[in-house]
Amino acid sequence: MLTICIFLSLLCPLPAWASPEEASSLRLVQGEWAHEVRGMDDYDPNPEGRFKRGERGYAYIVVEGFDVGQDGEYYFLHLSVDVALETKGGIRLFSRRDIYDLEEWYLEPPGDTWFYIYVDIPWWAPRGTYVAVITIHDLLAGTALEERREVAVY
């Protein structure tokens, strides 16, 4: 199920963020489907958001505008990610909360952060176009951004 969730969230083109919770300054700086992610700014883009059944799909994401906490000399951020898969008509087929939990510590306040999510596309997944819903929660601010993207499975 986690694999399906991540896959579905990777398959959609990334439109503008909408906030399901209170207003947030969290912003998507970069969000791209990818065939593979090796590291920061090191990935193979998949601009069409098309993934073959039985393969792994990735999304490379950079965000900014999150709250930064401080503990002594150190600064930290705390984000979590939820993923859901819907039909184009809005019927939710799958959802998973907290598929990714990102807590990072720094010596200076960070301006942005990057991460990637991936999903193993089941070989039995029906071919078609779906909507992946990726929700990023800023756990320090208590806010969230929702990204809806189309994903094609072939």
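The legends below describe close-up views of a predicted model.

**View 1**
An open sheet of 4 strands has the order 2-1-4-8, and its pairing is antiparallel. Strand 2 and strand 8 are the edge strands, each pairing on one side only. From one strand to the next, the twist averages 45°. Strand 1 and strand 4 run antiparallel and are joined by 7 bridges. Glu 32 has Tyr 60 in strand 4 as its bridge partner.

**View 1. The aromatic pair of Trp 33 and Phe 51.**
In the whole structure there are 8 aromatic pairs. One of them is formed by Trp 33 and Phe 51, with an edge-to-face arrangement, 6.0 Å from centre to centre and 85° between the planes. Trp 33 belongs to strand 1 (residues 27–39) and Phe 51 to strand 3 (residues 50–51). The two residues are 18 residues apart, and the pair links distant parts of the chain. Both Trp 33 and Phe 51 are buried.

**View 2. The tilted pair of Tyr 58 and Tyr 118.**
Tyr 58 and Tyr 118 form a tilted aromatic pair, with 5.9 Å between centres and 45° between the planes. Tyr 58 lies in strand 4 (residues 56–64) and Tyr 118 in strand 8 (residues 112–120), so the pair ties together parts of the chain that are 60 residues apart in sequence. Tyr 58 counts as buried because its relative accessibility is 12%, under the 20% limit. Tyr 118, at 33% relative accessibility, counts as partly exposed. Both tyrosines belong to one aromatic cluster, formed by Tyr 43, Tyr 58, Tyr 60, Trp 114, Tyr 116 and Tyr 118.

**View 3. Arg 50 and the ring of Tyr 154.**
The ring of Tyr 154 has the charged end of Arg 50 sitting over it. The distance from that charged end to the ring centre is 4.3 Å.

Side chains of opposite charge can pair when their charged atoms come close. A search of the whole structure finds 10 salt bridges. Arg 38 is partly exposed, with a relative accessible area of 43%. Glu 36 is partly exposed at 36%, and Asp 44 is partly exposed at 31%.

**View 4. The salt bridge of Arg 92 and Glu 86.**
Arg 92 and Glu 86 form a salt bridge in which the closest N and O atoms are 2.9 Å apart. Arg 92 is partly exposed, with a relative accessible area of 45%. Glu 86 is buried, with a relative accessible area of 6%. Elsewhere, salt bridges that share partners join Glu 36, Arg 38, Asp 42 and Asp 44 into one network.

**View 5. The surroundings of Val 133.**
Val 133 lies in strand 9 (residues 128–138). Val 133 is buried, with a relative accessible area of 2%. Leaving aside residues up to four places away in sequence, Val 133 touches Asp 82, Val 83, Ala 84, Glu 86, Arg 92, Glu 146, Glu 147 and Arg 148. Val 133 and Glu 146 are 13 residues apart in sequence, and their C-alpha atoms are 6.8 Å apart in space. Arg 92 and Glu 86, which both touch Val 133, form a salt bridge with each other.

Asp 41 has a phi near 60°, a positive value in a residue other than glycine. Asp 41 is found in the loop between strand 1 and strand 2 (42–45). With a relative accessible area of 55%, Asp 41 is exposed, since the value is over 50%. Asp 98 has a phi near 55°, again a positive value in a residue other than glycine. Asp 98 lies in strand 7 (residues 92–106).

Note on methods. Residues numbered from 1 in each chain as written. Predicted model: local features only at pLDDT ≥ 70, side-chain atom pairs only at ≥ 80, totals over all residues. Heavy atoms only, no water. Phe/Tyr/Trp six-rings, centres within 6.5 Å; stacked < 30°, edge-to-face > 60°. Buried < 20%, exposed > 50% of the residue type's maximum accessible area, 1.4 Å probe, protein only. Lys NZ or Arg CZ within 6 Å of the ring centre and 35° of its normal. Contact = heavy atoms within 4.5 Å. Salt bridge = Lys/Arg side-chain N within 4 Å of Asp/Glu carboxyl O. Pairing = 2+ DSSP bridges. Axes fitted to C-alpha atoms, helices over the stretch in contact; angles between N-to-C directions.
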